[in-house]
Amino acid sequence: MPDDLPILFDFPSGPEAAVIEGQHGERELPVVPLINTVLFPHMLTPLFVGRERSVAAVEAAMEHDRTILVIAQREQDADDVGPNELFGVGVEAHIQRVLKMPDGSTSIVVQGRRRMRVIDFVQERPMLRARVVPIYGEEDKSIAIEAMMRAVLSLFERVVKLSRTLPDDSYIMAMNVDEPGWLADLVASTLPLDVSRRQEILETIDPEERLRRLSIMLTQELDVLELESRIHTQVQKEVDKSQREFFLREKMKAIQRELGQEDPLQRDLLELREKILISGMPEKVQIKATEELERMEAMSPASPEYSVIRTYIDWLLDLPWTNQTEDTNDLIEAAHTLDRNHYGLPKIKDRILEFMAVRQLAGARLKSPILCFVGPPGVGKTSLGRSIAEALGRHFARISLGGIHDEAEIRGHRRTYIGALPGRIIKTMKDTGTINPVFMLDEIDKLGSDFRGDPASALLEVLDPEQNNAFADHYLDVHYDLSKVMFITTANLLDPIPPALRDRMEVIHLPGYTEEEKLQIAQQFLVPKQLEANGLTRTEEIGLRTELGELDLDLSPQPLAHSVELQFSEAALRQLIRSYTYEAGVRNLEREIGAICRKVARRVAEGRPFPRIVRPALLTKYLGPAHRSHGVAELHDEIGVATGLSWTANGGDTMAIEVSVMEGKGALMLTGQLGEVMRESAQAALSFARANARRLGINERRFDKTDIHIHVPEGAVPKDGPSAGITLAIALISALSSQAVKHDVAMTGEITLRGRVLPVGGIKEKILGAHRAGIRTVILPRDNERDIAEVPGHVKRKLAFVYVDHMDDVIAGALCAPPASEPVLLKRNGKREKPIKIEE
Ligand code: ADP
């Protein structure tokens, strides 16, 4: 079967066999159809002959004059074709050779002679036979033809140069043909044209026209080739570059091998693999790390992805997976450690020691409790955490959750984000380097939540002993076990902590210190710490001198640091606590002590005389006048002023509530930044007073003609809460009934419309505040009686407590006896108004 074979070039050779031709050269020839190719006159080509009719045609030709007609078939995939499937013009060809192939098939080598037009088919079986006439074009060479030939040649030359399939000598061959038609045939048979276009050239008889059509085809071919060549060059450049790099890298490796050096990159990857193996990672993590490593090995180190994966693997390697510290089991030593760092706080210290004892008995089965230290700033929550870690022999880590809104801060970003990193939990675990640190989460009450997710829910997972053995960080993408970690959280207030979180924790309150406790803490801990921090070594115990107001006279001129000994007199410390700091904790106290130490240190360093003992007089000199003062009890019994007790993050304090009544229309005015709850308390107090006016000695009719103004001083500080209820009521009743309030009585408690007094919080702190202010009697809701147990004895002894169930009891305890004179109301214009008669 004739197939798509390269056409060889040759010039006609050998004598043309004698042919019997009829009129106009008409003759009959056996036909061999061509698939996928067109034979041109003069061309020499091998053809496979496979189809039955073709074989018969060749055999017939061989018996006669070796001449056949080859015609291209119209459909290239048609198999046994008949006359209708063949083009009308073919080429008379001479069989030069017949080759029997080893597999029994036949191949022939034919040479085209001249174009033939088919007149008709005279036979179809066993072979196709056609009646044909030769077609001749004019072969004279006009100047136009000459020009056309040159144009075709030059186009062809460019095509040959650009083409990667055409042999260079095909151009030389073309150059040596000087017949225009022949040149066109030669070029057409050389170009990679499809059958229809070749046939078009074959059927174009006029040589000039044939050249013209060919030149169009050549131009098209040239365009395609040029485009191809451009693309090829670009691709080649890219390939060249990476091949060059590859080659150079291989060469470098070879040189390094020769020099006995290893490829650093290869060594690095090997080291990583080893590290992964010995890291102690759980199996799943190890598989993940190895997979990533394999991805990395297949990459160029210059690609950005490479370093992303590298960072990721480094994270996995840097995290502690098995490394843990041995817990101390010595309870006595642990108790010492706790005492060494903190004064007082017996409940908390006991709780820690209990935990250690239980753990010794229960072993690893014991899940670590999650403690939550709640208390105002500076009461030692953080330092306690540190000291628990020390007592247990564990590492300590701490992060602050204050203001975190974004869940990603806790859990990290997925690695698909550019610059993604793990969240704070995992970062901190990496920094501690062990799987069982004491991990403090500060300010859990300040956690925010917004559209970027809810960090509290991520924390839930961290703090839930059932879940935290498989903590999911987005970046890490593998689970991390946090179950060995001992978590401690801290908060200033309990209320803002989401209830779900609160439930998981064991809340321990650190309410703040009394003045006595602060003094002890200062003497035993803060002063030594600050002296040490400022290079002022202490040589004897302080706190021995208690003289008040003693002047600092012993100024020493000795500048030598090592002989410096600075002491703080007790009086000075008390003064610092009372007048320079206003806080429940001791943070400011520590800061002020530090400030004094620095001033002294400077004097020492400058060689100036410096004090040996810090006494009260020195405080003003070094720290300026006292900057804070707490509430002080009123000096006189007054009408319309009652002393309440407040409790803030800074501890407890007294709070004066003032009520003034004036002629008006029954309006109630509240000032002093009172919150919603406090406003409602005021309304309730007023309603109570109104409902019980008669009993309370208030003229009922006045309510409609009186404006009431309630003010709580220190208007810059927002105040809220229900516990001012009874104080508001007393101030109101006092103002409306003109009965004075006892100046040394302070009170706290919520009021109901019916006058019942409900318990409130912060009793210990409030009582400490009352004591500090010089109050003598404290009125408390009866249900708060049990809270008194927490108040230190020396404070309790100085105060009288009145426990109340109803407003009547409060009135009895707080108001002075009914006035002797008539009550007085002020008019708006300030003039005195006719007194209202109090009804009995
Ligand atoms: P918080 O975390 O509650 O705000 P810190 O732990 O930062 O408070 O404590 C502030 C300072 O007060 C620390 O230097 C701490 O050592 C000290 N301190 C607080 N309470 C005590 C105490 N009971 N005994 C000794 N030092 C204390």
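A polar side-chain atom of T382 lies 2.5 Å from an oxygen atom of the ligand. In the side chain of E590, an N or O atom is 2.7 Å from an oxygen atom of the ligand. The backbone takes part through G378, where a polar atom is 2.7 Å from a ligand oxygen. A polar contact here is a pair of N or O atoms within 3.5 Å; within protein, one must be able to donate a hydrogen and the other to accept it, and residues adjacent in sequence count only if both atoms are side-chain atoms. On its own the ligand has 560 Å² of accessible area, and the protein covers 90% of this.

The model is predicted: local features need pLDDT of at least 70 and side-chain atom pairs count only at pLDDT 80 or more, while totals for chains, interfaces and linings use all residues. Residues are numbered from 1 along each chain as its sequence is written, and side-chain values use heavy atoms, with hydrogens and water left out.

## Shell and pocket

The ligand has 19 residues around it, of which K381, T382, K529, R587 and E590 come nearest; a residue is near if one of its heavy atoms lies within 4 Å. At least two residues of this shell come from each of α12 (381–392), α17 (515–533) and α19 (587–606). The largest share, four residues, is supplied by α17.

The ligand takes the space of the second largest pocket. A pocket is an open set of points on a 1 Å grid over the protein atoms alone, where a 1.4 Å probe fits, with protein on both sides within 12 Å along at least five of seven lines. A molecule sits in a pocket if more than half of its atoms lie within 2 Å of its grid points.

## The loop residue T322

T322 is in the loop between α9 (304–318) and α10 (331–341). Its relative accessibility is 49%, so T322 counts as partly exposed. Leaving out residues up to four places away in sequence, T322 touches S279, G280 and I435, where contact means heavy atoms within 4.5 Å.

## Whole protein

The protein has 27 helices and 29 strands. These are DSSP runs numbered from the N terminus: helices are H or I of at least four residues, strands E of at least two. Of its 840 residues, 49% count as buried (under 20% relative accessible area; exposed is over 50%, partly exposed in between; 1.4 Å probe, protein chains only).

Conventions. Accessible areas come from the Shrake-Rupley method with a 1.4 Å probe; for residues, only the protein chains shown count as cover. On a 1 Å grid over the protein atoms alone, a cavity is a set of points where a 1.4 Å probe fits but cannot get out, and a pocket is an open set with protein on both sides within 12 Å along at least five of seven lines; lining residues have an atom within 4 Å of a point.
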